[in-house]
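Q: Could you please show me how to read salt bridges and nonpolar cores in a protein model?

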Amino acid sequence: MKAILLAAGKGSRISKNIPPIPKCTLDVGGQPLVLRTIQMLEKHGIACAVVTGYRHENIDEVLKDTNVKIYYNPFYDVTNSIGSLYFAKDFIDPNQDLLLGNADVFWTDDILDEILAAKEEVVMLSDRTRADDGDYFFGTENGIIRRYGKELKRGQRDCEYVGIAKIKKSFVPTFVTQLEYMISHQQHGVWWENVLYSLTSKYDIHSLDVNHKFWAEVDFIEDYERILDYVKTNKI
């Protein structure tokens, strides 16, 4: 399996509360968040790539002693994460499963174990405990994503999206073809996840609930504080 972590964005919502660095390089239990995630993935034999952009030199320094493949999106300020993923397109192997994730997400080994064990062709992690106060939501039917968006009303949504997806090798060519189609049609202002969302009318894109396991995406300072509290409490 291969994994690509997207780390090019500025993180504007938390920027006023942290130094001018990529938020994935924030210290978590004595090491940068992105390095912790990579070590967790490599422990499972997963080859990793990271796409950088904003303050890329900070991430380069963090990863200098690793075997991680680094791609740079020089247009990070005018593209969204789909553009960053396109720069790492050559890292994707149609003969291997693919894990995609936002590098500012803190997640645990038990969540990784669960997504690796998933049998479906495409799964996107979600959390039903965050359907009331989350940031980006799914509306699902029998575990299949039917609706998605920030503005879904409570009756339309049943979980929050976590920021991580797994694509089996059987579906990788379909995913890459759609990625290339969207970029060729100048749809570079959307998230990488929109590649999957655009396929929901033709294919079953599954939602995998994290079942009360701990995770947090570093969008606001409160998210970062929750991570620090968790790491301290659990001594990890």
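The dialogue below takes up salt bridges and then nonpolar cores.

Q: What kind of model is this, and how many salt bridges does the structure hold?

A: It is a predicted model. The structure holds 15 salt bridges.

Q: Which residue forms a salt bridge with D219, and what does the pair tie together?

A: A salt bridge pairs a side-chain nitrogen of Lys or Arg with a carboxyl oxygen of Asp or Glu within 4 Å. In this case D219 is paired with K23, and their closest N and O atoms are 3.2 Å apart. D219 belongs to the loop between β13 and α7, while K23 belongs to the loop between β1 and β2, so the pair ties together parts that are 196 residues apart in sequence.

Q: Are D219 and K23 buried or exposed?

A: Both D219 and K23 are buried.

Q: Where in the chain do D135 and K150 lie, and how accessible are they?

A: The side chains of D135 and K150 form a salt bridge, with 2.9 Å from N to O. This pair links distant parts of the chain, 15 residues apart: D135 is in the loop between β8 and β9, and K150 is in the loop between β10 and β11. To judge accessibility, one compares the relative accessible area with two cut-offs: under 20% is buried, and over 50% is exposed. D135 has 25% relative accessibility and therefore counts as partly exposed. K150, at 33%, is partly exposed.

Q: How are D223 and R226 placed in helix α7?

A: These two residues are three residues apart in helix α7, so about one helical turn separates D223 from R226. They form a salt bridge whose closest N and O atoms are 4.0 Å apart. D223 counts as buried because its relative accessibility is 11%, whereas R226 counts as partly exposed at 32%.

Q: How should I read a nonpolar core, and which residues have the most contacts inside the largest one?

A: In soluble globular proteins, nonpolar side chains tend to be buried together. Here the largest nonpolar core has 34 residues, and those with the most contacts inside it are I4, M124, I167, F175 and L196. Elements that give two or more residues to this core include β1, β4, α3 and β11. The element that gives the most is α5, with six residues.

Q: Which residues does F175 touch, not counting those up to four places away in sequence?

A: F175 touches L85, L100, I167, V195 and L196. A second, separate core has 30 residues, among them I59, L63, I111 and L208.

Methods: Residues numbered from 1 in each chain as written. Predicted model: local features only at pLDDT ≥ 70, side-chain atom pairs only at ≥ 80, totals over all residues. Heavy atoms only, no water. Helix = DSSP H or I, 4+ residues; strand = E, 2+ residues; numbered from the N terminus. Buried < 20%, exposed > 50% of the residue type's maximum accessible area, 1.4 Å probe, protein only. Core = buried A, V, L, I, M, F, W, Y, C linked by side-chain atoms within 4.5 Å. Contact = heavy atoms within 4.5 Å.
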